[in-house]
Amino acid sequence: MTISDADISRLARDLYSWSLRKVPDDTKAALERARDLETSDTARRTLNMMLASARAAEEQDRFVCSDSGVPVYFVRIGTRARWDSNIKSAIREGFETLVETIDPPILKHVTNPLTLERGYAGKDMPIVTFDLVEDADYIDITCSPKALGSGRWAAMELFTFPTLETIESYILDVAIKAGSQHCPPVVMGVGIGGTFDYCAKMAKEATLRPIGSTSDEPILAAMEERLRDAVNATGFGPMGTGGDTTVLAVHVNYAAGHGFTPVAVCFNCWINRRTRARIYSDGTVERVE
């Protein structure tokens, strides 16, 4: 057997639908920990409302938020997987099927940047990035729809031979400028190094890392902890109501590059939408998140 268009299309549809109806387990656990540690009554009540919304969405099979975002997929292809599929076209067909069948219906968020016309389709939609996994016999697909809270306040700056202090200062400035507009508490993703495009990719992928994990690089593990504490010290709090919890986690990726060093910062809102599954060469689907 080989992985077919139908397999990819069906999985792309399901991943998107699942992402709208469930807050990831690690994120709910992080929200609960934050609520238990909060010193602000208003922040605790806000976090409790978030947790209640997450439970209601699961129990009633409804969306956690009406901003369903635009379709974004990360595809990692195993070098030993057997597949006979136009993968990007199959993902687009999966999203088209979702639009036609999902209950409740989703709003038109795909926007033409030249005309501001909104719909369900557009140039290069869905946004799909590809990578390879050596020796794997599966295709791994993550769906992380991008809505206003998880897409609007990203930023990038290019430095020349920056110190770690310069990099951290910039990241904190981005967090302060975003304030509470991205529906905190958020997950921050940071990319350091590489090239302009690769740095942005690393930042996006950093938001997908499970909360509670730490970087394998000791310098970055320490940076993640410092930045988490510094952002939370700003006091914006859950949904800007004030409090100790503006960010649930800061995840940093890095790559070697030239002496010029891009630094990219992006966010995932409190819902932290991400679903992930692997489809094996025999058609078996394993849901990872």
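Reply: Begin with a single residue and its contacts, where contact means heavy atoms within 4.5 Å. Leaving aside its neighbours within four places in sequence, Ala277 is in contact with Leu11, Leu15, Ile139, Asp140, Ile141, Val285, Glu286, Arg287 and Val288. Before going on, note that this is a predicted model, in which local features need pLDDT of at least 70, side-chain atom pairs count only at pLDDT 80 or more, and totals for chains, interfaces and linings use all residues. Residues are numbered from 1 along each chain as its sequence is written, and side-chain values use heavy atoms, with hydrogens and water left out.

Me: Is Ala277 buried or exposed?

Reply: Buried means under 20% relative accessible area, exposed over 50%, and partly exposed in between (1.4 Å probe, protein chains only). Ala277 has a relative accessible area of 0%, so it is buried. Ala277 belongs to strand 12; helices (H or I, at least four residues) and strands (E, at least two) are DSSP runs, numbered from the N terminus. From Ala277 to Asp140 the C-alpha atoms are 5.9 Å apart in space, although 137 residues separate the two in sequence.

Me: Which strand does strand 12 run antiparallel to, and how many bridges join them?

Reply: Two strands pair if DSSP finds at least two bridges between them. Strand 7 (residues 138-143) and strand 12 (residues 275-280) are antiparallel and joined by six bridges. Ile139 has Ile279 of strand 12 as its bridge partner.

Me: What is the order of the five strands in the open sheet?

Reply: The order is 6-2-7-12-13, and the pairing is mixed. Strand 6 and strand 13 (285-287) are at the edges with a single partner strand each, so one side of each has no neighbour in the sheet. Direction ignored, neighbouring strands of this sheet are turned by 20° against each other on average. Axes are lines fitted to C-alpha atoms, for helices over the stretch in contact, and angles run from 0 to 180 degrees between N-to-C directions. Helix 1 (residues 5-21) packs on the sheet and touches strand 2 (72-78), strand 7, strand 12 and strand 13, its direction making about 160° with that of strand 12.

Me: How many aromatic pairs does a search of the whole structure find?

Reply: A pair of aromatic rings is described by the distance of the centres and the angle of the planes. Rings of Phe, Tyr and Trp (its six-membered ring) pair if their centres lie within 6.5 Å; planes under 30 degrees apart count as stacked, over 60 as edge-to-face and the rest as tilted. The search finds three aromatic pairs. One of them is tilted: Tyr16 and Phe95, at 5.3 Å centre to centre with 50° between the planes. Tyr16 is in helix 1 and Phe95 in helix 4 (residues 87-101), so the pair ties together parts 79 residues apart in sequence. Both Tyr16 and Phe95 are buried. Tyr138 and Tyr280 form an edge-to-face pair, with 5.5 Å centre to centre and 70° between the planes. This pair links strand 7, which holds Tyr138, to strand 12, which holds Tyr280, 142 residues apart.

Me: What is the order of the open sheet of four strands?

Reply: That sheet has the order 8-11-9-10, with mixed pairing. Strand 8 and strand 10 are the edge strands, each with a single partner strand, so one side of each lacks a neighbour in the sheet. Strand 9 runs parallel to strand 10, joined by eight bridges, and pairs with strand 11 in the antiparallel sense over six bridges. Val190 has the bridge partner Val252 in strand 10 and Val265 in strand 11. Eight of the eight residues of strand 9 are buried, so this strand is largely enclosed by the rest of the structure.

Me: How should I read two packed helices?

Reply: Two packed helices are described by the angle between their axes and the distance between the axes. Helix 6 (residues 164-178) and helix 8 (residues 218-232) have axes that come within 11 Å and cross at roughly 35°. The contact is made by Leu164, Glu168, Ile171, Leu172 and Ala175 of helix 6 and Ile219, Met223, Arg226, Leu227, Ala230 and Val231 of helix 8.
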